[in-house]
Amino acid sequence: MMDPLTFFSTTGLIDANLVILRDRHLCFYHAGINSELTDFDAIREHLIACRQQMPSVRRAFSLGTSMGGYAAILFGHYLKTDVVYAFAPQTSLDLDILAAWRGRKDLRLFPKEHRDLAVLLANYNGHTRYKVFYCEGHAKDRAFAERISGLGGVELYPQPGNIHEVVQEMNKLGRLSEELLAR
């Protein structure tokens with residue numbers, strides 16, 4: 001979507017302590033990220049342990065775009081981060097489409113609350129704010145955002161434009177750094 005170095009420089013996050021995850025399997029982090037963290041639960045437990053090992057960290061955030069926005073919401077919920085910044089996140093997964101796309105047969109193992117983030121967020125963790133950004137003219141992204149509207153901690157931030165790449169649209173308008181630096 002946007003070169004990560006450009007993103008971190010633009011938003012001022014380049015100077016922050018960061019943990020960056022990449023889903024090389026493109027399976028919404030449920031097929032793991034490496035040979036040690038081989039499934040969602042392993043990743044979640046690793047991130048929880050990382051956070052517990054850093055008692056000096058006073059505030060934690062999760063951030064992602066598209067599939068990463070989904071992950072930011074999911075992991076942010078379990079880690080009880082202070083704020084989630086989710087850009088054009090998928091909030092429900094069609095496992096038939098995902099199975100055809102990735103050729104996987106084990107997708108039914110996704111818990112219901114991971115297939116539908118509205119189910120997950122209906123059990124608000126009592127702490128996290130979920131800032132969801134999307135281009136209001138992109139029907140699919142708008143629908144994904146609106147389906148979690150009104151759930152505990154969820155705040156919608158529709159942006160002008162009609163493309164999935166809301167980060168680029170916000171950056172063009174000078175809103176990207178404005179939103180993240182106001183954290």
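1. The side chains of R44 and D41 form a salt bridge, with N to O at 2.9 Å. The term here means a side-chain nitrogen of Lys or Arg within 4 Å of a carboxyl oxygen of Asp or Glu. The model is predicted: local features need pLDDT of at least 70, side-chain atom pairs count only at pLDDT 80 or more, and totals for chains, interfaces and linings use all residues. Residues are numbered from 1 along each chain as its sequence is written, and side-chain values use heavy atoms, with hydrogens and water left out.

2. Both R44 and D41 sit in helix α2 (residues 40-52), three residues apart, or about one turn of the helix. Helices (H or I, at least four residues) and strands (E, at least two) are DSSP runs, numbered from the N terminus. R44 is buried at a relative accessible area of 16%, while D41 is partly exposed at 41%. Buried means under 20% relative accessible area, exposed over 50%, and partly exposed in between (1.4 Å probe, protein chains only). D41 and R44 also belong to a salt-bridge network with E45.

3. Five salt bridges are found in a search of the whole structure. One of them joins R129 and E155, at 2.8 Å from N to O. This pair links distant parts of the chain, with R129 in strand β3 (residues 129-135) and E155 in strand β4, 26 residues apart. R129 is partly exposed at 35% relative accessibility, and E155 is partly exposed at 21%.

4. R147 and D116 form a salt bridge too, their closest N and O atoms being 2.8 Å apart. R147 is in the loop between α7 (139-146) and β4 (154-159) and D116 in the loop between α5 (112-115) and α6 (117-121), so the pair ties together parts 31 residues apart in sequence. R147 is partly exposed, at 32% relative accessibility.

5. How many residues of strand β2 (residues 83-87) are buried? Five of the five are, so β2 is largely enclosed by the rest of the structure. In a regular strand, side chains alternate between the two faces of the sheet. In β2, V83, Y85 and F87 are buried on one side and V84 and A86 on the other.

6. Strand β1 (residues 61-65) runs parallel to β2, joined by five bridges; two strands pair if DSSP finds at least two bridges between them. S62 has V84 in β2 as its bridge partner. β2 and β3 also pair in the parallel sense, over five bridges, with F133 in β3 as the bridge partner of F87.
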